[in-house]
Amino acid sequence: MTKYILHRIFWLIVVLLVVSFITFSLMHLVPGGPWDKEKTLAPQVVEALNKKYGLDKPFFVQFGNYLVNLLHGDLGVSYSRQDRSVTSILLTGLPKTATLGAIAFFLAIIIGIPFGMAAALKQNSAIDYISVLFSTIFASIPGFVLGILLIIIFSVTLHWLPTGGWGGIRQIIMPAFALATLPAAFIARITRASTLEVIRQDYIRTAQAMGLQQRVILVRHILRNSLIPVVTVAGPELAFLISGSFIIENLFSIPGIGRLFVNGVFARDYGLIMGSILFYAFAVASINLVVDLLYAVIDPRIRFD
Amino acid sequence: MVKKILTLFFSLVIIASMVVLPACSSSTSSTPQVLRVNIAGEPAQIDPNRASWSTERTVIMQVFEGLLGFNQDLSLRAIGATEIPTVANKGISADGKTYTFKLNSKVTWSDGKKVTAKDYAYSIKRLFDPALAAEYTSFYFDIVGGQAYYSATDAAAAAKAQLRDAVGVKAIDDTTLEIKLSAPHPTFLQLMALWPVYPIREDIVTQFGDKWTEPPNYIGNGPFLLKEWMHEDHLTFVKNPDYWGTKPKLDQVVLNMISDANALFAAYQNNEVDIAGVPAGTEKKVMADAVLGKEVLRYAELVTFAFQFNVKVAPFNNVNLRKALNAAIDRDAFINNVRGGVGKAAYSWIPPGMPGYDASLGADYHFNVTKAKEFLTAAGYADGSKVPELRLQYADTGTNPTIAQFVQNQLKVNLGINVSIEPMERKAFTQAVNAEKYTWAWYGWGADYPDPDNWLPQLFGTGAGNNHTAYSNPAFDALCAQASNELDNTKRLKLWADAQKMVVDDAPVLFMQYRERFLLVKPNIQGLKYTGMDGDVAGDMFFPNVSMK
């Protein structure tokens, strides 16, 4: 197990290095740089800015410097955020994004799994049809459309909730719901399909034939076995949710990290782009590792030897 | 089971009520003197020397004041100085190269210390520091030694110190500041009213380094103090109790950072902000709304929109073709259909509200298909179908696609000219335009200061930094050179008028629209004084006058 984890951590580092090189290269290859502004800067100004941020050096020297700083935990500075360190910008936004993402994930799980299981256990009943209908609707409505609808209903019309910002539970309700609907729908459908498969297995029939209580069969045999595919999709969903959504954070004015990457790309803020991508890559790779380890907990047949 | 469900339902209702109801009962009998407005997003710089964008100006202007500032009509007023320097009051030398500012000794920093000439001298010299790489420094290159110091990016520390000392800014005593220019600069006083030369405290910058712009280190001399900066979310300002001038009526100003236009509009309707723009395309609906229609505020801004031609590239090197395109566009239809009825048709470059605006210019460009066809014939094309397909580039953001499609359609319908439209990512578009690797592009220009000096030589002078049309006219350049050194204002404006006429006649751009600001303002706001050069927020130069009734 330890060997397996160390092996995965080694490859995680390799992945981060490759990701950083590809991002760094693409960033410098795309047309337009950080100093290309509608009001053209004087050549002396551009020269001074390039010098200040080390952009006057050759590409590989810049990349080497970045890696050296990275090893010291320094993700560089943001050109579009008053030279604040990218690490501090990400760390300021991360708790907000992660809180929102975690709540959305929790919502997705508590909505998706019961709906999916209920639909499977009562296949072709009204519950099944309602579950499929709602999961189709939620999977089809883009987050920004649902977000605007929520704002129009609960803020503009009913004046119950603030339109956005950060600071209290009232500001989290709408963005968390808007974020949760798509993964909830996805999880409901996966749970339904997986449960349908499990309940047709011989061991379930055996358990029923042995006269086990339905509740025991449900919790001990069906739920546990049908969750493996759910965990597989829930991992990346969690990574996506806690890394933030540009659209939802932008619409609800949430000072998280979801907006930073897109804004960084628009501004060609190299520090912010690199920092956001590396964070995202790290989050996805780490959560995938945790998910792989969770398989063993859920399904004792899986071993890492 | 049913009982359990009902219990759960009512529990949820009670919890929801506890969460929601406080919001519904938040109104109080006395009106808090709090103004809640919105800026476009997180300010990139609030260091006055380094700032360059309207969002940043809106923040800085609450906390800092300069030697000079602007009145609502954009004439100059003395703030940190006792008077506006003139030749008559010996504030400007006879050769126009030495400016002496007498400081108002009442002005203090928010921590109680006096603002002295040394604070201004430090700030201006810091503006030229190559390590700071401030973006607006080039405006001040006429100050003796400024450009040399700024350009010394590779110089050794000792050499930089020498160059710094050589910058022509000197605190004669605590209340006298002298600035020497290498050449007369008729609009220098306007530059001295801008944010890059606001005073800055050396001891604060030294003590806090890059953190000096974070509250509570952000010590200014203006009417408000920066109390809180929640990054990416909002900034909160409170009244400066030690402000030397008339105290603000507002206790607090909150600058929110809602970047989505629909969300901002919703926030205004939900009474979370007091001033807001409306999403593009909803202007007419808002005007027709029984409630919102009465809260609309419209005023002209010093901004002109146009399509710039790359006049080096065929067929845009043909002046008569450029004129034909200018005459073939129905700008009133553009404003009515594309801009929601907001804005004014432009037939020349300098906008209304600026010295140098001339409504009589561009008479040939008023929508007239017959006239356009005459120009087309003079250009050597029997009809529009003979004109090679024109390529129009634009940044693929906001309403730009609609704007491009409008022009494409107008030229096809009115002249039979085919136009291909080429959307580009914003930065890629900007780079292509700045490198003059484009053919025809949508753009706009807003005033940094209200003078033709900021509108003509920089954009149409041969090889000028912001001239991306590649337009070159020696006669125009000569007029600009003359006007830039002419200290007699009447003669100077006449020279600029002649220069603008040349640009209009040569049509290196297709003039389209003077921008108008369209906002919603809550009826309980009193004393809002707006100008054509406001930053992100209407009236942000004069928030101390505002009160809430």
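Which residue of β8(B) is the bridge partner of Leu226(B)? The views below come from a predicted model.

**View 1. Pairing of β7(B) with β8(B).** The bridge partner of Leu226(B) is Phe237(B), in β8(B). β7(B) and β8(B), the latter covering residues 234-239, run antiparallel and are joined over six bridges.

**View 2. The open four-stranded sheet of chain B.** The strand order is β1-β9-β8-β7, with mixed pairing. β1 (34-38) and β7 (224-230) of chain B are the edge strands; each has a single partner strand, so one side of each is left without a neighbour in the sheet. On average, neighbouring strands of this sheet are turned by 20° against each other, direction ignored.

**View 3. Helix α2(B) on the sheet.** Helix α2, residues 54-63 of chain B, packs on the sheet and touches β7, β8 and β9 (252-256) of chain B. The directions of α2(B) and β7(B) make an angle of about 135°.

**View 4. Helix α3 of chain A and the residue Gly73(A).** Helix α3(A) comprises 13 residues, 59-71. At 1.5 Å a residue the helix should span 18 Å, which agrees with the 19 Å between its end C-alpha atoms.

**View 5. Contact between chains A and B.** In this interface, 42 residues of chain B are in contact with 44 residues of chain A. On the chain B side, α1 (2-24), α4 (146-151), α8 (261-269) and α14 (426-434) each supply at least two residues. α14(B) gives the largest share, six residues. By class, this side of chain B has 16 nonpolar, 17 polar and nine charged residues.

Key
Residues are numbered from 1 along each chain as its sequence is written. Chains are lettered from A and ligands numbered from 1 in the order in which they are written. This is a predicted model: local features need pLDDT of at least 70, side-chain atom pairs count only at pLDDT 80 or more; totals for chains, interfaces and linings use all residues. Two strands pair if DSSP finds at least two bridges between them. Axes are lines fitted to C-alpha atoms, for helices over the stretch in contact, and angles run from 0 to 180 degrees between N-to-C directions. Two residues are in contact if their C-beta atoms, placed from the backbone, lie within 7 Å. The expected span of a helix is 1.5 Å times one less than its number of residues. Ala, Val, Leu, Ile, Met, Phe, Trp, Tyr, Cys and Pro count as nonpolar, Asp, Glu, Lys and Arg as charged, and the others, Gly among them, as polar.
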